[in-house]
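Visitor: Please walk me through how to read a few features here.

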Amino acid sequence: MKLVIGIVRPEKGNDVLEALYRAEVRGVTLSRVQGHGGELDRVETYRGTTVKMGLAEKLRFEIAVSDDFVDAAVEALCAGGRTGEVGDGKIFVLPLERAVRIRTGETDHGAVTPVGK
Amino acid sequence: MSPLDVLPLAQAAEIDTGDTAWMLIATALVILMTVGLGLFYAGLVRSKNTLNTFMMCIAALAVATVTWAVVGYSIAFDGDGSIVGGFGHAFMQGVDFTPRDGTTIPHLVFFAFQASFCIITVALVSGAVVERMRFGAYLVFAALWSVLVYAVLAHWGFGGGWLMANGTLDFAGGIAVEMASGFSALAAALVVGARKDYGRQALLPHNAVYVVLGAGLLWFGWFGFNGGSGFGTGNASILAFTNTLLAPACTLVVWFALDLIRGRKVTAIGAATAIIVGCVVITPAGGFVSPGWAMALGAIAALPCYAVIVWRPRTRVDETLDVLAAHGIAGFSGILLLGLVAQSSWNGVSDGLFYGNADQFLWQAIAAAATPAYAFVATYVLLKVIGAVMPLRATEYEEATGMDIVQHGEEAYVTGEGAILITPQDGEDGNVPVANPV
């Protein structure tokens, strides 16, 4: 059981979701985050105040999957999120100690398997 | 414009203070419409394009005012050539405190009022190309379009050109404003092309409150737009003013019903659209039809416009903010229906087909065919020519990043997190890795 965290460009969010659904990965949490990952900063000017924007808008996917689905989830994040430019984001795979589905109390493998599987 | 004929002849030669006072206010109201339109359009796009979309309307205030003063006004309102006017008023020559012919208001006020129409019409067209057109190319387009398309059609409809000379009725701009913007928008959408994600992803309005507030401001301003088009406080203006209340109200009611039938819910953005459709359909007809017919026109116009709004997104034509449906089709409906229901007992000018004057309907139909044809072809050619000189649209990468950052170096909803002040000392020198996104 792993937690896959994918940080991608906001405009690629829909592509990633589509790729995840195609890979039959159904349990997803999404948040809007700001981050910096080596891409060049952009300069903005507001009434004479010029600033360097060090943080870029990103989307953060959190996906808890059983071991069989780790590769599928990572591939979907890569395929959906890639543009080839600096700033496409990162994927982190973390070991997951425990998972509980609140509605049923199922734990671990049962909790991260989509309903009906 | 024919309502002038109903003014008492004794007043025609001198300034009337009451008329002038109202026209000053009416002009300011129409200027507010352009800002309202900016808000309306900005709410309909994605948040990363908010400022760019708003700026297209603000740019119309800049560019179209200048072109209008330089040459546009003259082409529209100097002399009665059949296709275009002359250059007698170029650079505002002869535009002074004396009354404009046929009105009781100073020529300067008449000029400013007509300028406000040119401005909003240019701004309207931008709705077709938001979220991908380069700002620089848009400025060039706005400048040329305001002269080559708007001023010419204004001459046809209001300035003594062939449509007006043959008796076509157009109270406040069904020809030059509504049909011109709607059918030009269709051409612009075809030349500039669809947004890269159009038809692939849901591209949703980012702030429905802006949309509804913008539509409300437009309706408010439209009382000056239609109510001022009699150039005073005579019967035609009063009739147009009240009809501007009645028609959109009826459009709203019918739109609610259509929404209920189609989706079982009344939508707010639908209501905002209905307000505009109602205002547009009464624009050509305002001072010429009875209040009862104004209500009928408002109700009837909902049907074709609703149909086009439902149909258009299923096509490959990314006419993004539905200028064709809300302005082109509604303006077309207004011009045609006016030819049926105009009543000389209300307007003192002419009857429509229902009151025994088939010629009136014929000339309305001619205007409804000629105007879209000219607007579409002229805009199509103009954009092709501009496109041959400079790129019309942003790159895919820029489109993905958002036009606010790429074109303006600003964001509408900037948080300030991660923003580092660049002081004059460290500047944008080689030590600071900076990408100028342009």
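Guide: Start with exposure: a residue is buried if 20 or more other C-beta atoms lie within 10 Å of its own, exposed if 12 or fewer, and partly exposed in between, with C-beta atoms placed from the backbone. This is a predicted model, in which local features need pLDDT of at least 70 and side-chain atom pairs count only at pLDDT 80 or more, while totals for chains, interfaces and linings use all residues. Residues are numbered from 1 along each chain as its sequence is written, and chains are lettered from A and ligands numbered from 1 in the order in which they are written.

Visitor: Is R264(B) buried or exposed?

Guide: R264(B) has 7 C-beta neighbours inside 10 Å and therefore counts as exposed. R264(B) lies in the loop between α8 (235-263) and α9 (268-285) of chain B; helices (H or I, at least four residues) and strands (E, at least two) are DSSP runs, numbered from the N terminus. Its phi is positive, about 65°, although R264(B) is not a glycine.

Visitor: Where is R47(A)?

Guide: R47(A) sits in the loop between β3 (41-46) and β4 (49-53) of chain A. R47(A) is not glycine either, and its phi is positive, near 50°. With 5 other C-beta atoms within 10 Å, R47(A) is exposed.

Visitor: How does one describe two packed helices?

Guide: Two packed helices are described by the angle between their axes and the distance between the axes. Axes are lines fitted to C-alpha atoms, for helices over the stretch in contact, and angles run from 0 to 180 degrees between N-to-C directions. In chain B, the axes of α4 (residues 135-157) and α6 (residues 174-192) come within 9 Å and cross at roughly 140°. Among the residues making this contact are W145(B) and V149(B) of α4(B), and I175(B) and A180(B) of α6(B); contact requires C-beta atoms, placed from the backbone, within 7 Å.

Visitor: How many residues of chain A are in contact with chain B?

Guide: 18 residues of chain A are in contact with 20 residues of chain B. On the side of chain A that touches chain B, β3(A) gives the most, with 6 residues.

Visitor: Which strand of chain B pairs with β4(A)?

Guide: Two strands pair if DSSP finds at least two bridges between them. Strand β1 (residues 419-421) of chain B pairs with β4(A) in the antiparallel sense over 3 bridges. Within this pairing, K52(A) stands opposite I420(B) of β1(B).

How values were computed
Two residues are in contact if their C-beta atoms, placed from the backbone, lie within 7 Å.
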